[in-house]
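Please look over the sequence and the three-dimensional model shown here before reading on.

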Amino acid sequence: MKQILEAILSGDNAAVGELDVPEHYRGITVHADDAAMFDGLDSKEKDPRKSLHLDDVPTPELGPGEALVAVMASAINYNTVWTSIFEPVSTFSFLKRYGKLSPLTARHDLPYHVVGSDLAGVVLRTGPGVNAWKPGDEVVAHCLSVELESPDGHNDTMLDSEQRIWGFETNFGGLAEIALVKSNQLMPKPAHLTWEEAASPGLVNSTAYRQLVSANGANMKQGDVVLVWGASGGLGSYATQFALNGGAIPVCVVSSPEKAEICRAMGAELIIDRSAEGYKFWKDEHTQDQKEWKRFGARIRELTGGDDPDIVFEHPGRETFGASVYVARRGGTIVTCASTSGFMHEYDNRYLWMNLKRIIGSHFANYREAWEANRLIAKGMVHPTVSKVYPLEDTAQAAYDVHRNLHQGKVGVLTLAPAEGLGVRDTALREEHLDAINRFRNR
């Protein structure tokens with residue numbers, strides 16, 4: 001591993017393919033034996049620092065259509081938090097099901113799970129049938145893993161009957177020194193970004209693109225009023241950028257003055273600090289407060305000059321969903337994913353059915369959408385939102401910060417890279433966009 005890293009740091013990527021692949025590597029894991037460790041605790045009381053481990057694990061066998069990647073940097077997504085607290089179910093149930101599919105997928109059914117759904121790095125090896133990539137290529141990876149042996153996925157790969165999220169529903173993820181991916185997960189690394197910056201957009205950028213921009217999601221158009229929950233967070237920060245770039249009007253919902261300032265730095269003007277304005281959408285655990293929905297809707301119209309949202313970009317879930325359905329305009333769209341505050345949504349169906357609103361479920365992105373979203377990053381039209389970077393050894397703390405909502409934007413993790421700031425190839429493009437690239441730093 002040391003020789004591989006030295007070759008990459010020296011710029012001699014071509015030499016990587018001539019070096020031996022290590023038999024073991026360091027990766028962040030959860031253990032099947034720990035799956036019951038948080039039983040009886042509320043989600044907020046479950047601590048990823050107790051369940052995430054840094055282990056030395058065997059390098060998996062490379063199969064057809066696959067690649068091994070030397071991972072220079074990765075990032076924390078909420079699915080790693082879910083894995084670490086074994087919610088909504090233990091991810092070992094995903095691995096067991098996947099392992100039954102074929103002798104090759106049986107590799108994934110192990111008593112440990114190497115997690116992580118983002119990476120930026122260098123291709124080490126490619127398996128039989130891989131022609132688009134070779135050892136030494138600098139890449140990022142999107143997290144869609146599909147088999148494409150069913151007709152269901154050939155119009156939209158997200159509809160494949162064996163669709164999974166790599167590093168969450170499969171093993172050998174990106175929070176590690178080496179990762180195993182399908183070669184069609186690979187995309188060119190944006191040349192003007194560092195390793196940690198390039199690693200951070202993958203999952204959330206593609207998810208926001210499908211959810212908001214794609215015809216498979218809300219199909220946003222110029223002039224649309226878009227309500228963005230958590231607008232400075234890992235997912236919402238990309239939705240805010242897409243809305244601004246696409247000529248829409250984002251109404252950014254945040255929870256602090258600091259987060260409001262980040263939205264202003266991105267170019268947003270209409271901002272609701274829900275903490276400062278005291279919105280509480282639930283009277284108690286079982287009862288929502290419709291007066292608060294109405295107060296919230298009135299505040300949106302005050303900001304927009306009387307317009308209700310054409311699109312509500314939903315991801316908090318249970319806490320906000322009733323309000324989201326209420327405030328969307330007649331004929332409007334609520335597009336939802338994630339449900340980080342709870343999966344069991346409640347809303348008043350009268351406001352949906354009688355006002356002809358639509359709820360669209362959206363999950364990650366298909367190959368084309370992920371590629372388009374990465375292209376916007378590579379062209380400097382959408383920017384990474386890295387606020388803080390941890391070493392691999394401190395990944396559990398990074399996951400804890402995301403679980404407790406102590407972060408802004410994305411939290412990066414250095415895996416093989418020995419320091420931040422490495423991996424930039426296009427300095428001119430970087431200089432042109434440096435302020436935007438660094439908007440979230442040290443927030």
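## Basis of the description

This is a predicted model, in which local features need pLDDT of at least 70 and side-chain atom pairs count only at pLDDT 80 or more, while totals for chains, interfaces and linings use all residues. Residues are numbered from 1 along each chain as its sequence is written, and side-chain values use heavy atoms, with hydrogens and water left out.

Helices (H or I, at least four residues) and strands (E, at least two) are DSSP runs, numbered from the N terminus.

## The six-stranded sheet

Six strands form an open sheet with parallel pairing, in the order S13-S12-S11-S16-S17-S18; two strands pair if DSSP finds at least two bridges between them. At the edges are strand S13 (270-273) and strand S18 (358-361), each of which pairs on one side only. On average, and with direction ignored, neighbouring strands of this sheet are turned by 20 degrees against each other.

Strand S17 (residues 333-336) runs parallel to S18 and is joined to it by four bridges, and Thr336 has Gly361 in S18 as its bridge partner. S11 and S12 also run parallel, joined by five bridges, with Val226 standing opposite Pro250 in S12.

Five of the five residues of S11 are buried (under 20% relative accessible area, where exposed is over 50% and partly exposed in between, with a 1.4 Å probe and protein chains only), so S11 is largely enclosed by the rest of the structure. Val225, Leu227 and Trp229 lie on one side of S11 and Val226 and Val228 on the other, and all of them are buried, so that both faces are covered. Helix H9 (residues 290-304) lies across strand S11 (225-229), strand S12 (249-254) and S13, and runs at about 150 degrees to S13; axes are lines fitted to C-alpha atoms, for helices over the stretch in contact, and angles run from 0 to 180 degrees between N-to-C directions.

Strand S20 (residues 410-414) has five of its five residues buried, so it is largely enclosed by the rest of the structure. Lys410, Gly412 and Leu414 point one way from S20, whereas Val411 and Val413 point the other way, and all are buried.

Strand S3 (residues 66-76) pairs with S20 in the antiparallel sense over four bridges, and Ser74 stands opposite Val413 in S20. Strand S19 (residues 386-391) pairs with S20 in the parallel sense over five bridges, and here Val389 has Gly412 as its bridge partner.

## Two helix pairs

The axes of helix H6 (residues 202-213) and helix H7 (residues 236-245) come within 9 Å and cross at roughly 50 degrees. H6 and H7 are therefore oblique to each other; angles under 35 degrees count as roughly parallel, over 145 as roughly antiparallel, 65 to 115 as roughly perpendicular and the rest as oblique. In contact (heavy atoms within 4.5 Å), Val204, Asn205, Ala208, Tyr209, Leu212 and Val213 in H6 meet Tyr238, Ala239, Phe242 and Ala243 in H7.

The axes of helix H3 (residues 78-85) and helix H13 (residues 395-403) also come within 9 Å, crossing at roughly 105 degrees, and that makes H3 roughly perpendicular to H13. Here Tyr78, Val81 and Ile85 in H3 meet Ala399, Val402 and His403 in H13.
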